[in-house]
Amino acid sequence: MENNSLEKKYNSLIIVVSVVIPIAVALLFTVKLKDFGIQVTPLSFLPPIYAAINGLTAVVLVAGVLAIKNGKRKLHQRFMTTAIALSLAFLLMYIAYHMTTDSTKFGGGGIIKYVYFFILITHIILSIIVIPLVLVTYVRALAQVFDKHKKIAKITFPIWLYVAVTGVVVFLMISPYYV
């Protein structure tokens, strides 16, 4: 009963965070500090850093899955907690970059333009969907409801991995067009 109450305790928070983060990112994406008279140097150095963090997240996610498949539960927990921390670091840098720097437009044409936008759109949609999945998966592990944790983790992992990998791909595809 205690484990079920831990899940219920966090359900409201998971819902709030899962709604607030995408809305906040969308709103902050349109907000530039200079619009409020705050003169800051554009943080144009951040995209390669947060792309590297996305790549590292992908590596950590795979390492976490390999750890649990080898029965190393504590190592798995550390990897997954690290993946969450990396994702949060990415999010903070992404917001900081977009609040200080104008968006970069993709300059490619032809079929590559459609490939880029397909990857970008699926990346964005799945990055929103993965938020509650990660949080529920993590809470179920904390609650030690491992049968339910394992069931949702099988959905969460490939989506999260896709988001992490496509974050790097999007960066690589748009990087020639950064000013």
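Helices here are DSSP runs of H or I with at least four residues, numbered from the N terminus. In this predicted model, helix 4 provides the largest share of the lining of the largest pocket, eleven residues.

**Largest pocket**
- The volume of the largest pocket is about 1,300 Å³.
- Its lining comprises 39 residues, and those nearest the centre are Val-25, Phe-90, Tyr-94, His-123 and Ser-127.
- Two or more lining residues come from each of helix 1 (2-30), helix 2 (46-69), helix 3 (73-100), helix 4 and helix 5.
- By class, the lining of the largest pocket holds 30 nonpolar residues, eight polar and one charged.

**Second largest pocket**
- The second largest pocket contains about 750 Å³ of space.
- Of the 22 residues lining this second pocket, Ile-68, His-76, Met-80, His-149 and Ala-153 lie nearest its centre.
- Helix 2, helix 3, helix 4 and helix 5 are the elements that each give two or more residues to this lining.
- Helix 5 contributes the largest share of the lining of the second largest pocket, eight residues.
- The lining of the second largest pocket is made up of twelve nonpolar, six polar and four charged residues.

**Contact of helix 4 with helix 5**
- The axes of helix 4 (residues 110-142) and helix 5 (residues 146-174) come within 7 Å of each other and cross at roughly 150°.
- Angles over 145 degrees count as roughly antiparallel, and helix 4 and helix 5 are therefore roughly antiparallel to each other.
- The crossing of helix 4 past helix 5 is left-handed.
- Their contact includes 24 nonpolar, eight polar and two charged residues.

Terms used
Residues are numbered from 1 along each chain as its sequence is written. This is a predicted model: local features need pLDDT of at least 70, side-chain atom pairs count only at pLDDT 80 or more; totals for chains, interfaces and linings use all residues. Side-chain values use heavy atoms; hydrogens and water are left out. Axes are lines fitted to C-alpha atoms, for helices over the stretch in contact, and angles run from 0 to 180 degrees between N-to-C directions. Angles under 35 degrees count as roughly parallel, over 145 as roughly antiparallel, 65 to 115 as roughly perpendicular and the rest as oblique. A crossing is left-handed if the near helix is turned anticlockwise from the far one by less than a right angle, and right-handed if clockwise. Ala, Val, Leu, Ile, Met, Phe, Trp, Tyr, Cys and Pro count as nonpolar, Asp, Glu, Lys and Arg as charged, and the others, Gly among them, as polar. On a 1 Å grid over the protein atoms alone, a cavity is a set of points where a 1.4 Å probe fits but cannot get out, and a pocket is an open set with protein on both sides within 12 Å along at least five of seven lines; lining residues have an atom within 4 Å of a point. Grid points are joined across faces, edges and corners, and a volume is the space filled by probe spheres set on the points.
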